[in-house]
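Colleague: I'd like to learn how to read a model like this one. Could you walk me through it, feature by feature?

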Amino acid sequence: MRSGKTNQGAVLITLLIGTLLISIVGTDAARAAVDLSISVESVGDTVDQSPNLAEGGFAPPQSKPRFQAFTAGIDWSFDARTSVSLSAGRNELNSLRDSFEINQIALSAYRRISPDRVPYTFRLHAALTFNYVDQLVKNSYTTYNGATLTSASISQPEDRTLSIGLSGSRMVSKGFRFAGRVNAGMISSDHESMQGAGKSQDDCSYSFSTDGSTGSLVQLETCGSLVSYSQQFANEDGVEDRLGFRSSQDVAHSARFLEIGGGVAWSRQSISIGVDYQFRQYYRDTIDERISENGDTPTTFSQTARAALTYRLGSNWSLSLASIYQTAPYLDEIPLLYTAFTSERYTGGDALSFKLSASLRL
Amino acid sequence: MKKVIWTQKAPLSIIALLVLSACSSSSSTPPPQTSQAIDGYIVGGSVFCDDEDAGQTTAGGFLTCPARTDIATVRGGMDVGFDDSATSSDVQFIGELKAPGNLGYVTPLSTIAVQMSIDEFGNYDPDLWEESVADLGAVLGSTTLDLSADASQDMNLIRLNAQLQQVMSAFVRSDADYSTAIAALSGVIAARAATGATIDLQGDVAATITTINAALLNNASPLALTATEIDTVATAVQAANIAIATASSPATAAAAAVTAGNSVDNTGVIIDRRDEAVELISGMNSQTTSTAVSIDDFEDSSLAGGVYLTQVGKDLQAVSYDNDVLQFSEDLDELEVTMGFELKSTLAGDTRSLSFYSDEVVLNAMAGDSDSLVITLADGAVFKAMGTDLLGTVTTAEVSIEGEGTFTNSGGRFSVDYGDVMSKLESIGFDDIFSSAGNYEMTLIIGGIALKEKSGSSVVPAERYSITVGARNVNGSGFKGYLSYTH
């Protein structure tokens, strides 16, 4: 399933390593600094999660936050011009029936290209983000292309996002700074296989699996006069003919995006306050067409607004509290959640989250 | 410094490797169980491992079952004697042999021992096996009976298996009859073991057959013979068993058994390959057309202009045969047989096929009266089907059906109601293989009974065909023809 994506991954990593090497050249080691940071983000809203049980009915409800994320990071500033960041995190998303826990690793590099001692700053940056999880299980029922899936799981889903961009900022008066940025990137989302269960029009239960090329379906128990039933699909045409989807196009996808953003920040002594806005436009492969054919609405852009308050505690510590509003929650951060089966979660489902961060300069 | 460290670590690495490989080999899954079905070698018999379809026996009678299989079963097939390279013969094996999965040999003797090891709940109990074998050996006068010995080399086992099979052939008309006859024989052996009596398979066969027959009569079994029939078969079986007893090698024992098989001929059905025997009915409602062809024309696989000699129009509804095609030399009373049907495209690159069968077809007929044939498929009878569509999707299903309708006999013809079967299968996701024009091979077989065929004045064992449905190979005799479906 992933053979076509291997070369793309290699290109992504090569680009990032190259950017990193270019950033390291000419650094001033005497001015290097390391910042450690941890953060927790949540929407402050809970849900009484009650998944479907295989034997019927629902599990006893458990109160869980709709979203929370934990991240730890390290920023290494080689000098005033070059820095590299590495972070690892875990995102947890809960809904009435579903619970997703996704791991994330991000690596980014920044290089100031504007001269020193000027009131403006231009920086180049490149970033690679990788999300992965062993199994993504959708417990909630899914109706897709006439088929009713009572459960679906995706084995080893992962995504890779590479972005490069240019950002600039300028002091406009004492304490005030305006900033703007433009980024471009590409996304690749893939998986090993897909499994699930469903019900036929005759209410017969079946399980299925597909690896993007072949697949199988097995009736789970005797159903009326049908004592046993199984199908082996030689190709995805057979899978789609029977199940109504093909995971190589309804789950795996690739995309390009263009992003613009800007904001204003004010700082005085230990306090800084900033607001920021970002718009990202997506250009995807066939997945959006297939979502439309199914009668759903693809999500082709996202908007994010952020307001943050940062307080410096002495010369080493700082605390930051941010509120983040997203029109397509976590679409930018976790592309692997965007599939033909889950696309509806992005339509009419904006979110407001709060993020608390602490950083320590070593 | 580095080199010293590496040298010190190397033995540890090697030890770790050895430990790991030992661990992995000791925890590896047990190997499958391989056995041989032997009367002579039974080739092409349907194999079941704890009632699960598992293909068919190969040359040498070999079969394979998963590890920890309790009972390996072989049904039907061909007896090729002791030629371990032969894959076919004219000698049909009518029966169903069983053995514990780990025994290694599936024979008439092991079948009896398995039957004697059934507990009060009707399940095979391996704890009863040794005692059953001991009792069996005592009754047959072979106190050192070892069923795990090579049944193709041990002359004692070869003779006993062949002689017991001759006794079974007196009663058995079909594979499905075998278990009934074995149960009766096992009951006789168990009763004799309890009293210390024995069975003489050469000296007093009539007494043995009479005792078995009494058990069958007690259960009102259709296998029970009349007094006249007992006299006839007992004489033939005794002569056969004496010949087998004097055999000095596996080959001569097998030859004696074949010769004996010809004298204890239980073939009740003969196929008469006559003209205008096959009719193909197509069309819907009042717009049906029928195409009558001879069996020879139907079985002609040559192409003229890209089509076969036999052609049908749209919507094939039934394939029927003149009743006189099947001739009955004896009464068939509730004879349970297997009937199977297969249709597959013969165009290069076209994977479409459809096959189905049922083991629960019951035949009733009177000797000499072809029109008396009644083919019954009881309510709840199970059909197994497999189809491959244009996309290469293979669908396998097991369906219980309601009553008769699939195989019928009316108007002097017996028919396979293809349209009825297809409507059932289409409702569960099978594609209609006749949805597009093409060239097809069609096979209809009756399995589980000995069939011969008559062409002119010759009567010979009927041609055998095989149909694959999932993991099951259904073998039998019947017709294999070729037709072109034109739209």
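Colleague: Let's start with one residue: in which strand of chain A is R306(A) found?

Modeller: Some ground rules before that. This is a predicted model, where local features need pLDDT of at least 70 and side-chain atom pairs count only at pLDDT 80 or more, while totals for chains, interfaces and linings use all residues. Residues are numbered from 1 along each chain as its sequence is written, chains are lettered from A and ligands numbered from 1 in the order in which they are written, and side-chain values use heavy atoms, leaving out hydrogens and water. Strands (E, at least two residues) are DSSP runs, like helices (H or I, at least four), numbered from the N terminus. R306(A) belongs to strand 19, residues 301-313 of chain A.

Colleague: Which residues is R306(A) in contact with, beyond its neighbours within four places in sequence?

Modeller: Contact means heavy atoms within 4.5 Å. For R306(A) the partners are G274(A), V275(A), D276(A), A322(A), S323(A) and I324(A).

Colleague: Now salt bridges. What does R246(A) pair with?

Modeller: You need a side-chain nitrogen of Lys or Arg within 4 Å of a carboxyl oxygen of Asp or Glu. R246(A) bridges to D237(A) at 2.6 Å, N to O, and to E240(A) at 2.7 Å. R246(A) itself is buried at 14%, whereas D237(A) at 37% is partly exposed, and E240(A) is partly exposed too, at 22%.

Colleague: Which parts of chain A does the pair of R280(A) and D332(A) tie together?

Modeller: Their closest N and O atoms are 3.9 Å apart, a salt bridge. R280(A) lies in strand 18 (residues 271-284) and D332(A) in the loop between strand 20 (317-326) and strand 21 (351-361), so the bridge links parts 52 residues apart in sequence. R280(A) is buried at 8%, and D332(A) is buried at 11%.

Colleague: Over which ring does the charged end of R280(A) sit?

Modeller: The test is NZ of Lys or CZ of Arg within 6 Å of the ring centre and within 35 degrees of the ring normal. For R280(A) the ring is that of F257(A), with its centre 3.7 Å away. Likewise, R242(A) has its charged end over the ring of Y206(A), 5.7 Å from the centre.

How values were computed:
Buried < 20%, exposed > 50% of the residue type's maximum accessible area, 1.4 Å probe, protein only.
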